[in-house]
Amino acid sequence: MLDVDSNRQTMRLRIGGAWTAAADGAETEVVDPATGEPIGTVANADVADGLQAVAAAAEAQPGWAATAPRERGEVLRRAYELLVTERDAFADLIVRENGKPLAEARGELGQAAEFLRWFSEEAVRIDGQLSVSPGGDKRILVSHKPVGVSLCITPWNFPAAMITRKLAPALAAGCTTILKPAPETPFTAFAIVELLERAGIPDGVINVVPSDRPAAMVTEMLAHPAVRKLSFTGSTETGRALLAASAQHVINPSMELGGNAPFILFEDADLDAAVDAAVITKMRNNGQSCTAANRFYVAEQVAEEFTARLAQAVSTMPLGSGFEDGVQLGPLITTAARDKVGSLTQAAVDTGAAVRTGGSAADRPGYFFLPTVLGGLAVDDDILGQEIFGPVAPVVPFGDFDEVLPAINGVEHGLVAYVYTGDLARGLRVSESLETGMVGLNQALVAEPAAPFGGVKQSGLGREGGHHGIQEFLEPLYIATNW
Ligand code: ADP
C-alpha cells in the first residue's frame with residue numbers, strides 16, 4: 001500500500017514508471033473538506049508534463065496491446081484481490097481528501113474493486129465475426145483492436161470508482177493510459193495506480209498527471225497524434241469544451257456528464273421503501289453524485305406525508321467528519337460547492353419554496369450544509385432545472401402524471417430517473433416515457449459494474465460497465481477477403 005503519510009508531502013507525477021516533479025516545479029495543496037485544513041501537496045502538471053506522459057503511454061502501447069488477453073485479465077484480477085484486502089487503508093484516504101463517511105468510502109471501494117473484477121473477465125471475451133457477405137462475393141472478417149493511447153479524466157466525488165471504471169476497461173482492451181485525476185483527490189488516484197502496478201501493470205501503461213490547470217495541458221494532449229481516446233467524467237460544461245477540443249482531431253470521446261434525476265413517486269408505492277430510497281438517492285455522498293435524485297415529483301395524495309417523513313428522516317442524519325462513528329453526512333467538497341448549494345436554495349426560498357428542514361450552511365468549520373427539504377415548489381421553479389450537487393431535496397406535488405411529464409423531460413440532462421410504484425406495468429410504462437439512460441424502478445442504487453451506465457441528451461455519450469464498457473476502448477477492424 002502506498003504510504004501516503006510519508007509520501008503525501010512530496011507526491012509527484014507518475015510518468016513512464018518514474019516519480020517526477022512537474023517540469024516547472026509547481027505544486028498544489030490538497031485540503032481536508034471536513035476541516036478546511038491542508039493535508040498535503042501534489043505536483044501540478046502542465047503542458048510539458050502532459051506531453052511527456054503521452055510519449056510514455058505511446059511507447060508502452062505496442063507492448064501492452066500485444067500482451068495476451070488472459071495476462072491482462074490476470075493483472076486486473078490481482079488488482080481486484082489487492083483492493084479487497086486493502087480496502088480499509090484506501091477508505092481512510094478517501095475520507096481524508098473527499099470527506100465522505102467511512103462506511104460510504106468502503107462501499108465505493110467495493111464497487112471500485114468490482115470494476116477491476118468485471119473487466120478482468122471481459123478481457124478474454126473480446127469477440128469478432130466471420131460471415132459471408134449477402135452477395136456471396138467475399139468473407140467479412142471482423143476483429144477488435146485496442147483504440148490506442150487513452151486519456152482518462154476523472155472527478156473527485158468517487159475518487160476510486162471513477163478511476164477503475166475507466167482504467168479497467170482500457171487496460172482490459174489493451175490500451176495504455178494517461179490518468180488526469182481531480183485536483184481535490186489525487187492521493188486516492190496515486191494509491192489505485194500504485195496498486196495496479198503492484199498487480200503487474202508494466203511501466204508506462206498508466207501515467208498520472210494531476211493538475212488544477214488542465215485546460216491547456218489537455219488541449220495539447222488531444223492534439224498529439226498518439227492520443228486516440230478521451231474518456232471523461234465531470235460536468236456537462238467541461239464535457240462540452242472537451243468535445244469541441246476532441247472534434248479538432250476526431251478523437252473518440254466517451255462522456256459521463258451531469259445529471260438531473262427525477263424521483264417520481266406514485267400514490268400506490270410502498271411509502272416506507274420510497275422514503276428510505278429517497279434518503280439514499282438524495283443523501284449518498286451528500287448529494288454530490290451525478291445519479292443523485294435532484295427533484296422529487298410526488299402524487300398529491302401522498303405528497304404531504306412523504307415530505308414530512310423525508311424531512312424527519314434527513315433532519316436526524318448525523319453530520320460531521322467521515323471518521324466519526326455514526327456520521328452519515330460529510331462536508332461538501334469546497335467552499336464554492338457549499339456556496340453554490342446555498343444560493344440555489346436561497347433563490348428557491350425567495351420565489352416561494354418552504355423550508356421543511358435545513359436550508360443553510362451548518363455553523364461549524366469545514367464545508368458543511370444542512371440536509372434540506374423544500375416544499376411548495378411549482379413545476380417551473382428554477383432549482384428543478386439545475387444540478388444541485390448537494391443535500392437539498394425539492395418536492396413538487398402532481399395531480400395528473402401526464403401533465404407533469406413534459407416538465408420532467410424538459411431539461412437538458414437525461415442520466416437516470418427513479419420511479420416508485422406498486423404497479424410494475426405502470427412503472428415500466430413510465431420508465432419508457434422518460435428521456436433517460438437509466439431508471440431505478442423501485443430501486444435506489446443503479447450503478448453496477450455489470451450494467452451499462454450512462455445518459456442521453458447532455459448527460460453524455462457512450463456507456464461504462466456491462467459489455468458496452470470495453471467496447472468504448474476497442475475499434476473494429478474489418479478485413480474483406482475471399483478464399
Ligand atoms: P467538477 O465541477 O465536478 O469538479 P469538472 O468538470 O470541473 O467537474 O471536473 C472534472 C474533471 O475535469 C477534473 O479532473 C477537472 O480537473 C477536469 N477539468 C476541468 N476543467 C477542465 C478542462 N478545461 N480541460 C480538461 N479537464 C478539465
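Author: Helices (H or I, at least four residues) and strands (E, at least two) are DSSP runs, numbered from the N terminus. This is a predicted model, in which local features need pLDDT of at least 70, side-chain atom pairs count only at pLDDT 80 or more, and totals for chains, interfaces and linings use all residues. Residues are numbered from 1 along each chain as its sequence is written, and side-chain values use heavy atoms, with hydrogens and water left out.

Reader: In which strand does Val355 lie?
Author: The strand spans residues 354-357. Val355 belongs to β14.

Reader: Is Val355 buried, partly exposed or exposed?
Author: Buried means under 20% relative accessible area, exposed over 50%, and partly exposed in between (1.4 Å probe, protein chains only). Val355 has a relative accessible area of 39%. That makes Val355 partly exposed.

Reader: Which residues does Val355 touch, not counting those up to four places away in sequence?
Author: Contact means heavy atoms within 4.5 Å. By that cut-off, Val355 touches Val349, Val373 and Leu374.

Reader: How far apart in space are Val355 and Pro394, C-alpha to C-alpha?
Author: In sequence they are 39 residues apart. In space, the C-alpha atoms of Val355 and Pro394 are separated by 9.3 Å.

Reader: How many disulfides are there?
Author: A disulfide is a pair of cysteine sulfur atoms within 2.5 Å. The closest cysteine sulfur to that of Cys152 is in Cys175, 8.6 Å away, so this is too far for a bond. Cys290 is in no disulfide either, as its nearest cysteine sulfur, that of Cys152, is 16 Å away. The count is zero.

Reader: What is the relative accessible area of Cys152, and what is that of Cys290?
Author: Both residues are buried. The value for Cys290 is 14%. For Cys152 it is 0%.

Reader: What share of the residues is buried?
Author: The total is taken over the 483 residues of the protein. The buried share is 55%.
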